[in-house]
2 protein chains.
Amino acid sequence: MAERAVCVVGAGLIGGSLLRAAEKAGRTVWGASASEATAAQACADGFDVTINTDAALRRAAEADALVVLAVPLPAVPDVLRRVDAIAPACRLTDAVSVKVAVADAVDRYAPRARYVGAHPMAGTAESGWAAGDAELFTGAAWVVAADDGLDLDVWRDVADLAWACGARVVPAATDEHDLAVARVSHLPHLLAAILAAVGAGEVDPALGGGDLPLALAASSFADGTRVAGTRPELVLAMCEGNRDALLAAVDDALGRLGVMRGALASTGGLAATVKAGYAGRMRWSATREPLEHHVSLTGPAVLAELRDIGRRGEVVTGWA
Amino acid sequence: MAERAVCVVGAGLIGGSLLRAAEKAGRTVWGASASEATAAQACADGFDVTINTDAALRRAAEADALVVLAVPLPAVPDVLRRVDAIAPACRLTDAVSVKVAVADAVDRYAPRARYVGAHPMAGTAESGWAAGDAELFTGAAWVVAADDGLDLDVWRDVADLAWACGARVVPAATDEHDLAVARVSHLPHLLAAILAAVGAGEVDPALGGGDLPLALAASSFADGTRVAGTRPELVLAMCEGNRDALLAAVDDALGRLGVMRGALASTGGLAATVKAGYAGRMRWSATREPLEHHVSLTGPAVLAELRDIGRRGEVVTGWA
């Protein structure tokens with residue numbers, strides 16, 4: 001059997017990288033973009049990207065292709081309506097950074113689709129077709145939803161695509177994904193924004209203002225604010241679409257920051273904060289080479305087993 | 001006249017880089033380290049570094065060298081006592097990351113020294129002699145204190161050394177320096193620590209816990225927590241030594257985070273936070289090529305003029 005064809009809706013940083021990576025892996029791949037300029041750029045680079053989403057979906061239905069939604073969350077409902085009209089039972093996944101909201105939208109707008117949500121954990125502060133890169137996903141974690149009841153045949157398609165793009169599959173329940181990315185992806189964007197605003201704050205010279213602070217900003221500020229340079233619409237779509245999970249992460253950060261503020265004001269000591277941060281960073285470093293599993297997509301408990309692999313921070317890299 | 005000789009006390013990341021950079025610039029340079037292992041490493045690399053601080057200072061007194069304190073803040077008083085005993089009126093500067101506390105210590109322990117405080121704004125998450133690099137200061141901002149009453153002859157020595165190391169001089173009042181670095185250097189370390197702790201937090205799986213969050217952490221988390229990997233003692237010495245200024249910066253961040261939390265909980269909107277952060281990051285990017293001045297160290301108002309250059313985020317790169 002030839003490897004499954006791929007239809008990518010959206011050709012920004014993620015969709016554009018996916019088109020490039022899938023083609024490089026030898027897949028038949030085509031796409032759609034709502035932007036004429038983007039479609040023209042992609043075509044000029046030799047990719048089959050149309051502004052006619054319906055036509056791309058029709059071809060997907062005919063070829064039994066895997067359809068990948070790679071549009072920002074606010075654009076998802078409109079695309080799903082077209083899916084339901086043109087390729088209602090297609091194999092469907094996505095690359096959107098929140099999963100509960102997309103799953104809810106699929107239930108509502110394209111309930112017949114064979115949907116398995118996904119989220120490749122890769123990105124840069126750049127955006128748009130031109131920023132895309134066939135290697136963007138190399139070595140990255142690619143979350144694949146592992147809730148009970150999902151279509152295992154499509155699950156296999158999604159994992160195969162992730163591997164074709166050089167990524168490692170991390171299975172996760174939809175809601176656990178959203179709680180996790182609130183902590184390690186959305187909160188970093190918000191703290192970066194706060195740090196950038198404090199650094200650039202319009203403050204009285206007596207409070208360290210003027211342009212002196214930014215002139216003294218070195219690598220700690222540069223790294224800590226890098227993602228604050230992301231296009232605001234993209235950050236808003238991502239963070240606002242994960243409101244409940246994000247509130248829990250923000251409250252955790254606020255609580256820790258408040259405790260630290262109290263310690264600094266009372267005893268002047270910051271050891272608890274700084275040591276907890278050091279331990280966290282070291283623990284993160286230790287997770288960079290996760291245990292790899294080959295799994296068999298059979299048995300009644302396979303999805304529960306997959307979720308447990310992800311909860312342990314481990315990955316799936318092939319079929320048993 | 002030969003260029004002024006340099007005596008560096010401390011041979012960690014900063015002192016070790018300074019020894020390398022000054023030697024590369026053709027200066028006569030020697031140093032001292034309280035650590036036998038460090039001194040041995042530096043000597044093995046061909047540098048004149050002794051564990052006998054008194055001997056290094058005696059040579060500095062004889063050669064009328066510029067003495068640079070490159071030790072962590074808690075070690076400063078002990079070194080200053082030796083300065084007062086052996087080279088009491090020496091030309092003295094430092095590379096410590098806070099300036100009010102060092103100036104106070106000089107007033108107390110080495111009041112006869114001809115002290116002009118300084119702070120090269122460069123570093124990495126690494127530390128120790130082996131992490132040193134002759135190019136560490138290339139293109140960096142090198143703050144030189146510009147309070148009224150300072151010794152202009154030593155000011156010239158310090159600026160000459162900064163330029164020899166490839167840096168740009170940013171003049172600043174001692175207290176304004178501390179307020180500025182609280183915002184752009186110390187706060188980044190604390191927010192990185194908080195983010196790392198939240199990402200690694202021991203949380204209930206129902207709250208997104210287990211090892212899943214760290215497994216999903218990608219570049220936004222990696223960059224946002226990079227400086228949380230700095231040796232905790234160094235971060236504590238730096239941040240705890242700047243307590244009052246840091247409290248103001250932490251309160252600014254807490255206030256902004258609280259406002260954001262309120263907006264997320266009530267309307268779900270994060271636009272104000274994200275746009276302010278984007279604007280701050282863009283403003284920082286725009287400061288990377290500051291206006292350069294050549295100055296003359298003459299006239300009654302020269303130090304006030306220098307402070308104004310730094311307040312505008314501009315730099316001094318030579319003598320008029």
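Reader: How many residues of chain B and chain A take part in the contact?
Author: Chain B puts in 99 residues, and chain A puts in 99 residues. Keep in mind that this is a predicted model.

Reader: And what area do chain B and chain A bury between them?
Author: About 8900 Å², with 70% of it on carbon and sulfur atoms. On the chain B side, the residues that lose the most area to chain A are B:Arg183, B:Leu216 and B:Arg283. Together they make up 8% of what that side buries.

Reader: How many salt bridges are there across the interface of chain B and chain A?
Author: The rule finds 6. One example pairs B:Arg261 with A:Asp251, where the closest N and O atoms are 2.6 Å apart. As for polar contacts between chain B and chain A, the count is 30 residue pairs.

Reader: Which helix gives the largest share of the chain B side?
Author: Helix α7 of chain B, residues 174–200, which supplies 21 residues of the side touching chain A. By class, that whole side of chain B has 56 nonpolar, 25 polar and 18 charged residues.

Reader: What about β1 and β4, how many bridges join them?
Author: 4 bridges join β1 (residues 6–9) to β4 (residues 66–69) in chain B, and the two strands run parallel. Among the bridge partners, B:Val9 goes with B:Leu69 of β4.

Reader: Now chain A. Which domains is it divided into?
Author: Domain 1 covers 6–172 and domain 2 covers 179–267. Their centres, taken over C-alpha atoms, are separated by 31 Å.

Reader: How many residues of the two domains are in contact?
Author: 11 residues of domain 1 of chain A are in contact with 11 residues of domain 2 of chain A. The area buried between these domains is about 790 Å², and carbon and sulfur atoms give 66% of it.

Reader: How many salt bridges there?
Author: The rule finds 0 between domain 1 and domain 2 of chain A. The count of residue pairs in polar contact between them is 1. The domain 1 side that touches domain 2 has 7 nonpolar and 4 polar residues, and no charged ones.

Notes
Residues numbered from 1 in each chain as written. Chains lettered and ligands numbered in written order. Predicted model: local features only at pLDDT ≥ 70, side-chain atom pairs only at ≥ 80, totals over all residues. Heavy atoms only, no water. Domains from an automatic or database assignment. Contact = heavy atoms within 4.5 Å. Buried area = accessible area lost by both parts, 1.4 Å probe. Salt bridge = Lys/Arg side-chain N within 4 Å of Asp/Glu carboxyl O. Polar contact = N/O pair within 3.5 Å; in protein donor to acceptor, adjacent residues only side chain to side chain. Nonpolar A, V, L, I, M, F, W, Y, C, P; charged D, E, K, R; others polar. Pairing = 2+ DSSP bridges.
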